[in-house]
Amino acid sequence: MAIEPDTKNWTWVIGTACPDCGFDGATLAFRDVPSVIAENAAAWPEQLARPDVRQRPDDRTWSPLEYGAHVRDVHRKMTERLRLVLAEDDPAFPNWDQDATAVQDRYGEQDPAVVARELTDAARDAAAAFAAVPDGAVGRTGRRSDGSAFTVTTLATYYAHDPVHHLWDVRRTAHRTG
(Lines give C-alpha, C1' and ligand atoms only; values in the text may rest on other atoms or scores of the structure.)
Protein backbone atom coordinates (compact mmCIF):
# COMPACT_ATOMS: atom_id res chain seq x y z
CA MET A 1 0.00 0.00 0.00
CA ALA A 2 1.32 3.42 -0.96
CA ILE A 3 1.85 5.98 1.78
CA GLU A 4 0.06 9.31 1.41
CA PRO A 5 2.67 11.76 0.09
CA ASP A 6 4.15 14.30 2.48
CA THR A 7 3.39 17.66 0.91
CA LYS A 8 5.02 19.84 3.58
CA ASN A 9 7.68 22.28 2.49
CA TRP A 10 10.43 21.36 4.94
CA THR A 11 12.71 24.26 4.02
CA TRP A 12 11.84 25.90 7.34
CA VAL A 13 14.29 23.50 9.04
CA ILE A 14 17.11 25.64 7.66
CA GLY A 15 16.50 28.28 10.29
CA THR A 16 14.24 26.69 12.90
CA ALA A 17 14.54 23.67 15.18
CA CYS A 18 12.43 20.66 14.20
CA PRO A 19 9.96 20.06 17.04
CA ASP A 20 9.98 16.32 16.32
CA CYS A 21 13.59 15.18 15.90
CA GLY A 22 15.28 18.18 17.55
CA PHE A 23 17.51 19.03 14.58
CA ASP A 24 18.31 22.75 14.74
CA GLY A 25 19.41 24.07 11.37
CA ALA A 26 20.01 27.54 12.79
CA THR A 27 22.89 26.21 14.89
CA LEU A 28 24.48 23.90 12.33
CA ALA A 29 27.72 25.17 10.81
CA PHE A 30 28.29 24.27 7.17
CA ARG A 31 31.60 22.57 7.93
CA ASP A 32 29.84 20.31 10.47
CA VAL A 33 27.48 18.80 7.87
CA PRO A 34 29.89 16.03 6.74
CA SER A 35 30.26 14.75 10.31
CA VAL A 36 26.47 14.88 10.86
CA ILE A 37 26.03 12.79 7.72
CA ALA A 38 28.77 10.32 8.67
CA GLU A 39 27.49 9.86 12.23
CA ASN A 40 23.94 9.38 11.01
CA ALA A 41 24.99 6.86 8.34
CA ALA A 42 26.81 4.80 10.96
CA ALA A 43 23.49 4.23 12.77
CA TRP A 44 21.54 2.92 9.79
CA PRO A 45 22.99 -0.61 9.42
CA GLU A 46 21.63 -1.50 12.87
CA GLN A 47 18.19 -0.19 11.93
CA LEU A 48 18.26 -2.09 8.64
CA ALA A 49 19.14 -5.33 10.46
CA ARG A 50 16.06 -5.15 12.70
CA PRO A 51 13.78 -8.21 12.55
CA ASP A 52 10.86 -5.87 11.77
CA VAL A 53 12.75 -4.02 9.01
CA ARG A 54 9.95 -4.62 6.46
CA GLN A 55 7.08 -3.96 8.83
CA ARG A 56 5.21 -0.66 8.75
CA PRO A 57 4.17 0.53 12.21
CA ASP A 58 0.86 1.75 10.75
CA ASP A 59 -0.77 2.47 7.39
CA ARG A 60 0.65 6.01 7.24
CA THR A 61 4.30 5.29 8.06
CA TRP A 62 7.10 3.70 6.06
CA SER A 63 8.94 0.66 7.35
CA PRO A 64 12.57 1.02 8.47
CA LEU A 65 13.60 -0.51 5.13
CA GLU A 66 11.58 2.04 3.15
CA TYR A 67 13.05 4.88 5.20
CA GLY A 68 16.55 3.49 4.69
CA ALA A 69 16.10 3.26 0.91
CA HIS A 70 14.76 6.81 0.89
CA VAL A 71 17.69 8.12 2.94
CA ARG A 72 20.11 6.36 0.57
CA ASP A 73 18.45 8.14 -2.34
CA VAL A 74 18.47 11.48 -0.51
CA HIS A 75 22.25 11.16 -0.09
CA ARG A 76 22.56 10.50 -3.82
CA LYS A 77 20.17 13.27 -4.83
CA MET A 78 21.81 15.91 -2.63
CA THR A 79 25.27 14.98 -3.89
CA GLU A 80 23.93 15.37 -7.43
CA ARG A 81 22.41 18.75 -6.58
CA LEU A 82 25.59 19.96 -4.93
CA ARG A 83 27.61 19.03 -8.02
CA LEU A 84 25.09 20.83 -10.22
CA VAL A 85 25.28 24.02 -8.12
CA LEU A 86 29.07 23.94 -8.22
CA ALA A 87 29.16 23.37 -12.00
CA GLU A 88 26.43 25.75 -13.20
CA ASP A 89 25.23 29.24 -12.36
CA ASP A 90 21.96 29.11 -10.41
CA PRO A 91 20.70 25.82 -11.90
CA ALA A 92 17.15 24.56 -11.60
CA PHE A 93 17.25 21.14 -9.95
CA PRO A 94 15.45 18.40 -11.86
CA ASN A 95 12.25 17.50 -10.05
CA TRP A 96 12.40 14.44 -7.80
CA ASP A 97 9.17 12.86 -6.65
CA GLN A 98 10.34 10.89 -3.65
CA ASP A 99 7.01 9.19 -3.14
CA ALA A 100 6.80 8.01 -6.76
CA THR A 101 10.40 6.78 -6.48
CA ALA A 102 9.52 4.75 -3.38
CA VAL A 103 6.73 2.98 -5.25
CA GLN A 104 8.54 2.63 -8.57
CA ASP A 105 11.74 1.30 -6.98
CA ARG A 106 9.79 -0.94 -4.58
CA TYR A 107 11.60 0.28 -1.50
CA GLY A 108 9.84 -2.24 0.74
CA GLU A 109 11.01 -5.18 -1.38
CA GLN A 110 14.71 -4.30 -1.51
CA ASP A 111 17.38 -6.30 0.30
CA PRO A 112 18.04 -4.59 3.65
CA ALA A 113 21.75 -5.55 3.63
CA VAL A 114 22.20 -4.05 0.17
CA VAL A 115 20.33 -0.90 1.21
CA ALA A 116 22.57 -0.59 4.29
CA ARG A 117 25.70 -0.88 2.18
CA GLU A 118 24.43 1.51 -0.50
CA LEU A 119 23.25 4.03 2.11
CA THR A 120 26.65 3.96 3.81
CA ASP A 121 28.46 4.40 0.49
CA ALA A 122 26.16 7.21 -0.67
CA ALA A 123 26.52 9.01 2.68
CA ARG A 124 30.31 8.70 2.51
CA ASP A 125 30.29 10.18 -1.02
CA ALA A 126 27.95 12.99 0.03
CA ALA A 127 29.96 13.85 3.13
CA ALA A 128 33.15 13.97 1.05
CA ALA A 129 31.50 16.15 -1.60
CA PHE A 130 30.26 18.67 0.97
CA ALA A 131 33.61 18.61 2.82
CA ALA A 132 35.42 19.44 -0.44
CA VAL A 133 33.41 22.60 -1.17
CA PRO A 134 35.80 25.56 -1.26
CA ASP A 135 34.98 28.42 1.11
CA GLY A 136 34.38 30.71 -1.86
CA ALA A 137 31.65 28.45 -3.24
CA VAL A 138 29.32 28.16 -0.24
CA GLY A 139 27.19 31.05 -1.50
CA ARG A 140 26.54 29.55 -4.94
CA THR A 141 22.83 29.03 -5.62
CA GLY A 142 20.37 26.58 -7.11
CA ARG A 143 16.59 26.27 -7.22
CA ARG A 144 14.18 23.45 -6.62
CA SER A 145 11.31 22.95 -9.10
CA ASP A 146 8.87 24.49 -6.61
CA GLY A 147 10.90 27.71 -6.62
CA SER A 148 12.69 27.21 -3.30
CA ALA A 149 16.14 28.78 -3.60
CA PHE A 150 19.21 27.38 -1.87
CA THR A 151 22.81 28.37 -1.39
CA VAL A 152 25.31 25.56 -0.94
CA THR A 153 25.15 26.30 2.79
CA THR A 154 21.35 26.17 3.06
CA LEU A 155 21.20 23.09 0.81
CA ALA A 156 23.61 21.36 3.20
CA THR A 157 21.51 22.27 6.23
CA TYR A 158 18.25 21.25 4.55
CA TYR A 159 19.86 17.99 3.46
CA ALA A 160 21.35 17.16 6.88
CA HIS A 161 17.91 17.31 8.48
CA ASP A 162 16.45 14.59 6.27
CA PRO A 163 18.53 11.59 7.41
CA VAL A 164 18.53 12.85 11.02
CA HIS A 165 14.75 13.11 11.00
CA HIS A 166 14.25 9.72 9.38
CA LEU A 167 16.57 7.99 11.83
CA TRP A 168 14.44 9.54 14.56
CA ASP A 169 11.35 8.21 12.72
CA VAL A 170 12.58 4.61 12.68
CA ARG A 171 13.87 4.69 16.24
CA ARG A 172 10.62 6.04 17.64
CA THR A 173 8.59 3.38 15.84
CA ALA A 174 10.76 0.50 17.08
CA HIS A 175 8.63 0.08 20.17
CA ARG A 176 5.42 0.04 18.09
CA THR A 177 6.53 -2.77 15.80
CA GLY A 178 8.95 -4.77 17.96
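Contact means that heavy atoms lie within 4.5 Å. By that definition Glu-66 touches Arg-56, Tyr-107 and Gly-108, not counting residues up to four places away in sequence. This is a predicted model, in which local features need pLDDT of at least 70 and side-chain atom pairs count only at pLDDT 80 or more, while totals for chains, interfaces and linings use all residues. Residues are numbered from 1 along each chain as its sequence is written, and side-chain values use heavy atoms, with hydrogens and water left out.

**Overall build**

- The protein chain has 5 helices and 2 strands (DSSP runs numbered from the N terminus: helices are H or I with at least four residues, strands are E with at least two).
- From the N terminus on, the order of these elements is α-α-α-α-β-β-α.
- The radius of gyration is 16 Å, close to the 16 Å that the globule rule gives for 178 residues, so the protein chain is as compact as a globular protein of that length. The radius is taken over C-alpha atoms, and the rule is 2.2 Å times the number of residues to the power 0.38.
- The C-alpha trace spans about 45 × 30 × 30 Å along its principal axes.
- Among contacts between residues at least 6 apart in sequence, 75% join residues at least 24 apart.

**Burial**

- Of the 178 residues, 48% count as buried (under 20% relative accessible area; exposed is over 50% and partly exposed is in between, with a 1.4 Å probe and protein chains only).

- Glu-66 is placed in helix H2, residues 64-87, and is buried, with a relative accessible area of 9%.
- A polar atom of the Glu-66 side chain lies 2.7 Å from the backbone nitrogen of Ser-63.
- Thr-101 belongs to helix H3, residues 98-104, and is buried at a relative accessible area of 13%.
- Not counting residues up to four places away in sequence, Thr-101 touches Asp-73, Trp-96, Arg-106 and Tyr-107.
- Tyr-107 is also one of the residues that Glu-66 touches.

**Asp-146**

- Asp-146 sits in the loop between strand S1 (141-143) and strand S2 (149-151), and is partly exposed, with a relative accessible area of 47%.
- The side chains of Asp-146 and Arg-144 are joined by a polar contact of 2.7 Å (a pair of N or O atoms within 3.5 Å; within protein, one must be able to donate a hydrogen and the other to accept it, and residues adjacent in sequence count only if both atoms are side-chain atoms).
- The Asp-146 side chain also reaches the backbone nitrogen of Ser-148, at 2.9 Å.
- Asp-146 and Asn-95 are 51 residues apart in sequence and 8.5 Å apart in space, C-alpha to C-alpha.
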